[in-house]
Amino acid sequence: MPAIKKYLAPKALEDLIRDASTEGATILAGGTDLLPRWSRGLTPVAEVVIDIKRVAGLNGVSRVNGEICIGACTPVCDIAKDPTIRKEAPVLAEAAGRIACPQIRNRATLGGNLCNASPAADTAIPLILLEAVVDLASATTDGTTVREVPITEFFRGPGATVLAPGEILTRVRFKPPAGGMFAAWDKFGTRPAMEIAVASVGVALKIEAGKASWARIGYGSVAPVPLRGRAAEAELVGKPLTPQTIGKCAAAARDQIEPITDVRASAAYRREIVGVMLRRMLERAGSGRKG
Amino acid sequence: MQEVVEKVELAFTVNGEAMSLRVPPGATLLEVLREDLELTGTKYGCGEGECGACSVLLDGRVVNSCLVLAQECDGLEVLTIEGLRSNGQLHPIQKAFVEYGAIQCGFCTPGMIMAAYALLEANPSPSEEEIKRALEGNLCRCTGYRKIVDAVLSLAREGA
Ligand SMILES: Cc1cc2nc3c(=O)[nH]c(=O)nc-3n(C[C@H](O)[C@H](O)[C@H](O)COP(=O)(O)OP(=O)(O)OC[C@H]3O[C@@H](n4cnc5c(N)ncnc54)[C@H](O)[C@@H]3O)c2cc1C
Ligand code: FES
Ligand code: FES
């Protein structure tokens, strides 16, 4: 049993923001990263735990000023099933639906997946493709302040983000992509069930007059952070999707990533698999498929 | 735990019955179910979300009770394997597990049955593939899974 001394479950955002600035307080969302870390002794058990799931306004998908907003406490299973997300951002629904198993997906939140900052966080790559931003709220002397951070700038390293002590990720936002785009995401694991990705790849493309006019590429589990594939994007934009272009993109991807060797795969294998996954996705895009 | 931590009030519903007790703030739902409420049908396998032996329903959703603090359940409804029986009769899922030989040592069984229950509540006519996906988070060291899938499949209503 974690030796927690105090458990708080604020209902209003102002109360949460105030409580979160308490020295030594830890934010608890779904607990699916935190509780295993506590029981393995990887993270010291917090004296004060602040459960944020009862805070009004942090749960659910909504549309505000033309943007799709997802509350930090929305469980990933709800994201996988949400009709708006499935229609407008199917890559995110796909990634959310492939996290772990039903028991975990029912608890795991989007905010927790991002704030835990694993390079393997499955929702991060689709959010890079969607050019999402996160809202980070914190206490000031006379209330609350919110700053907006692009998802590509949120991660700082394995387990590290730009979150300041006491700062809370309140929601994730993105503009629904224009119709007719190609978008795909996939992860590769050592078994089909309960897989933490050996590597994951996502691609979003606009193709106009036979050429890629815009591209976003992302890789998971192959760098200290979920990585935007700028090198491969640069090889792609303005070019037709010929085997030559695709080959150069895959090579750029293999060069840009910085995989490590761990229990799941070697660095060399990860480099190889990322190239192959990216090549296959671009071939699908070139053949006129939507994803 | 060396230090004495003050216990806190917890009021929730377990298997349809309102409960109120005092628990340490760090107690997991699994610990409270097994140790305070003596509902030992729910099992401790790994304590890390990997095995599913501790599966229960929390407000209708299947969760790993080892990864939930009891305090998080304040005001909520929990359903455990003990709550499936009605009028002294086993639940149809329990009967199917017996009939199909889907139980050997039985340690995974309560978790498997709760995961199957959650599936059938949401989708009364799942395909074999959907059953396998729904039981992905439940490990069994004995049966090889085939009989478990068959038991659940026998309950899938025609017409999906
Ligand atoms: C068996 C198992 C399998 C898993 N499989 C996968 C998988 O396939 N893919 C995958 O991506 N992940 C996987 N995970 C990891 C985990 O389930 C996810 O990362 C999940 O989304 C974490 O969310 P949570 O709400 O449970 O986070 P929590 O454990 O509650 O929190 C995680 C961290 O983020 C902080 N935090 C949470 N919310 C906020 C917020 N709003 N603002 C500021 N800080 C916050 C917490 O303080 C903590 O440090 C798995 C975990 C387990 C146990
Ligand atoms: S004991 Fe909870 S998942 Fe294994
Ligand atoms: S019957 Fe023994 S673990 Fe499943």
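Four salt bridges are counted between chain B and chain A, a salt bridge being a side-chain nitrogen of Lys or Arg within 4 Å of a carboxyl oxygen of Asp or Glu. One of these joins the side chains of Asp78(A) and Arg61(B), at 2.8 Å from N to O. The model is predicted, so local features need pLDDT of at least 70 and side-chain atom pairs count only at pLDDT 80 or more, while totals for chains, interfaces and linings use all residues. Residues are numbered from 1 along each chain as its sequence is written, chains are lettered from A and ligands numbered from 1 in the order in which they are written, and side-chain values use heavy atoms, with hydrogens and water left out.

At this interface, 35 residues of chain B are in contact with 32 residues of chain A (heavy atoms within 4.5 Å). The two chains bury about 2,600 Å² between them, 56% of it on carbon and sulfur atoms; buried area is the accessible area (1.4 Å probe) that two parts lose on being put together, summed over both. On the side of chain B, Arg61(B), Leu67(B) and Glu72(B) lose the most area to chain A, together 23% of what that side buries.

Ligand 1 lies between chains A and B. Its shell comprises 34 residues, and the closest include Ile27(A), Gly30(A) and Asp33(A); a residue belongs here if one of its heavy atoms lies within 4 Å of the ligand. An oxygen atom of ligand 1 is 2.8 Å from a polar backbone atom of Leu34(A), and a polar side-chain atom of Lys187(A) lies 3.2 Å from an oxygen atom of the ligand.

Methods:
Polar contact = N/O pair within 3.5 Å; in protein donor to acceptor, adjacent residues only side chain to side chain.
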